[in-house]
Structure formats: structure tokens, C-alpha cells
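Let's take a walk through this one together. Have a look at the fold and the ligand first, and then read on.

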Amino acid sequence: MRHKFINSKMLKGKPLSQDHVLSRHVPETHWYHAATLTKMLQSFPVLYIKPDKGSSGTGIIRVKRLNNSESLVSFKASSKKYPNTKIASEVAKRMHRGKKYIIQQGIPLATYRKKPFDLRIVLQKPSNQWLLTWMSAKVAPRSNSIVTNVAKGARDAKIMEVLRGADQQLNVPTVLKELSGVSYKIARKLGSRFPLRIVGLDMGIDKKGKVWFIEANTRPSFHGLNKFDPVQYRRYLLAKKQTEANS
Ligand SMILES: Nc1ncnc2c1ncn2[C@@H]1O[C@H](COP(=O)(O)OP(=O)(O)OP(=O)(O)O)[C@@H](O)[C@H]1O
Ligand SMILES: [Mg+2]
């Protein structure tokens, strides 16, 4: 079986939202429409609006409800307050014409030294079973960063250091167990829908320690990771070689 690159965030998220066990770990997600934004802003204090086929954290817009009359729109390094009646038109100004967007419930990410972080989890399928081969954290550059992509200034960090040192008191063994359980389930579910040999998951931990799926990369980048963690990198390379030998 060959591996196929899948671009659309909506396409990759659908089978997970529809799964009875996994759905509680997947943020509510819809295609973007101004009316959906207005509606979701009533149920969620923070919303993420992302190009369906985006990458590296580019083009992401965050809307944060401040009160019944105002919200904060963040894009790149700037944040500005607007009346709620103007939010949809302000979001539209920051969108790329011709690109499709999804809108998603925002996850209140746990922080490390006040900076939000998420996790990079890689699973590979060298033969007939998924194997978790990589786990690390990505810590945003600033406390007000809206994305945790290394391409946008986040740094790779050791998962244990970040979970143990998080500003929220996390039950680390419980988080790790949930994280690996959910990650394996995601890999198996996505692997049953698409011909996949590797998935790189962006997983979030919220401030209460709950595990959330953010995004699945079907062509995860390992740029710079050999130097960051040579032991895990060798595990990845070995699985990659086995995958190639078996396909
Ligand atoms: N629903 C969300 N709640 C909280 N943070 C989010 C949410 N969606 C995205 N983010 C933040 O934005 C970052 C980038 O989002 P995402 O991974 O979905 O897109 P991308 O990185 O541009 O795409 P790709 O992972 O395919 O390169 C995440 O790593 C996370 O820090
Ligand atoms: Mg990502």
C-alpha cells in the first residue's frame, strides 16, 4: 500500500468528528460562513478560522468574544477590537479570496511559562500496525501568540519538560495515557479511510488537562528534528525504512 497526501483539513477531520469515541476530542468544526461565525460566537468564547488547505499556521484568524458587544480579531501579530456587528466583515478582510475556510471551536491551550503549547505526535505504519514513533511539544514564542507552528517562531521542546512544567497542574501520567490512546485511535480511524503510512498529529492539551485533536498532517516535516532529539529521530527513520521495504 502506498501513502497518499491529503490536503483538506475538513476531509481529515470528518471521520474523527463522526466517531463516537473520538468526537469528544475534536473541536466543533464547520465550513466558514458569516452566519456560522455569528452563531458559533454565541456558544464558544474563542473561534479559529483557518484555510482548509493551509499549512505552517499561515492565514489563521482568531476571534475572541470579549463581551456581548465586542470581540477581538487576531491575525498575524496584530489584535484589534471591533463591535460584534462588524466581526464578519473584519474577518472577510483578512481572508484570501478563492480559498475555502473552516471555522472551529478554539481550545484554551495549556501554557508553559505563560506561552501556549501543543504537541507533535507522529505515528507510522511500517507493516500492518500503527506505531507511535515521535512525541514532542511546540511552545509558542509569546504569551499572546495565536499559533504554535515552528514556522511562526515556536520552539520544539521535550514533552516531559513541558507537561511537568506547565503553568496548569497537569496529571502527567493521565495526560500521557489519554494522549497515546487517542492518537492511536485517530491513526487507525484515518488509516481506515485513507491510504496512509504516516500521520503527524497536532494535539492540544487544554488548561484542564483534556486532550484535543487539532490537525493531522499526512506529510509531517522532520526539519531540524534530528538535532533536537536524535533518539526519537532514529526510531522514525527505522520505521520509514521498514515502510519503504514493505511497499
Ligand atoms: N481550534 C484551535 N484551538 C486552539 N488553537 C488552535 C486551533 N486550531 C489551530 N490552533 C493553533 O494554530 C496552529 C496551527 O493550526 P493547524 O495545525 O490547524 O494549521 P496549520 O499548522 O496551518 O496546518 P498544518 O498543520 O497542516 O501545517 C496549531 O498548532 C495551534 O497552535
Ligand atoms: Mg499544524
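What follows starts with the overall layout, moves to the ligand, and ends with a few single residues.

A few ground rules first. Residues are counted from 1 along each chain as its sequence is written, while chains get letters from A and ligands numbers from 1 in the order in which they are written. This is a predicted model, where local features need pLDDT of at least 70, side-chain atom pairs count only at pLDDT 80 or more, and totals for chains, interfaces and linings use all residues, and side-chain values use heavy atoms, with hydrogens and water left out.

Now for the big picture. UniProt, in an unreviewed entry, places the feature "domain: ATP-grasp" at residues 18-247 (UniProt positions are in the numbering used here, feature names are shortened, and annotations may be inferred rather than shown by experiment). Over that stretch, residues 18-247, the chain is 29% helix and 30% strand, and the end C-alpha atoms sit 30 Å apart. Helices (H or I, at least four residues) and strands (E, at least two) are DSSP runs, numbered from the N terminus.

On to ligand 1. Where does ligand 1 lie? Domain 1 (29-105) and domain 2 (108-246) both give residues to the shell around ligand 1, so it lies between them; the domain bounds come from an automatic or database domain assignment. There are 21 residues around ligand 1, and K50, T148, N149, E215 and N217 come nearest (near means that a heavy atom of the residue lies within 4 Å). By type, the shell around ligand 1 divides into six nonpolar, 10 polar and five charged residues. Here Ala, Val, Leu, Ile, Met, Phe, Trp, Tyr, Cys and Pro count as nonpolar, Asp, Glu, Lys and Arg as charged, and the others, Gly among them, as polar.

A polar side-chain atom of T148 is 2.6 Å from an oxygen atom of ligand 1, and an N or O atom in the side chain of D118 is 2.8 Å from an oxygen atom of ligand 1. With S56 the backbone takes part: one of its N or O atoms lies 3.0 Å from an oxygen atom of ligand 1. On its own, ligand 1 has 610 Å² of accessible area, and the protein covers 95% of that (the areas come from the Shrake-Rupley method with a 1.4 Å probe; for residues, only the protein chains shown count as cover). The elements giving two or more residues to the shell around ligand 1 are β2 (46-51), β6 (101-105) and β12 (211-217). The largest share, three residues, comes from β12.

Let's stay with S56 for a moment. S56 is found in the loop between β2 and β3 (61-65), and has a positive phi of about 60 degrees although it is not a glycine. K152 is 96 residues away from S56 in sequence, yet their C-alpha atoms are 7.2 Å apart in space. K152 belongs to the loop between β9 (131-139) and β10 (155-157) and counts as partly exposed too, at 35% relative accessibility.

I146 is also in the loop between β9 and β10, but counts as buried at 12% relative accessibility.

Key: Polar contact = N/O pair within 3.5 Å; in protein donor to acceptor, adjacent residues only side chain to side chain. Buried < 20%, exposed > 50% of the residue type's maximum accessible area, 1.4 Å probe, protein only.
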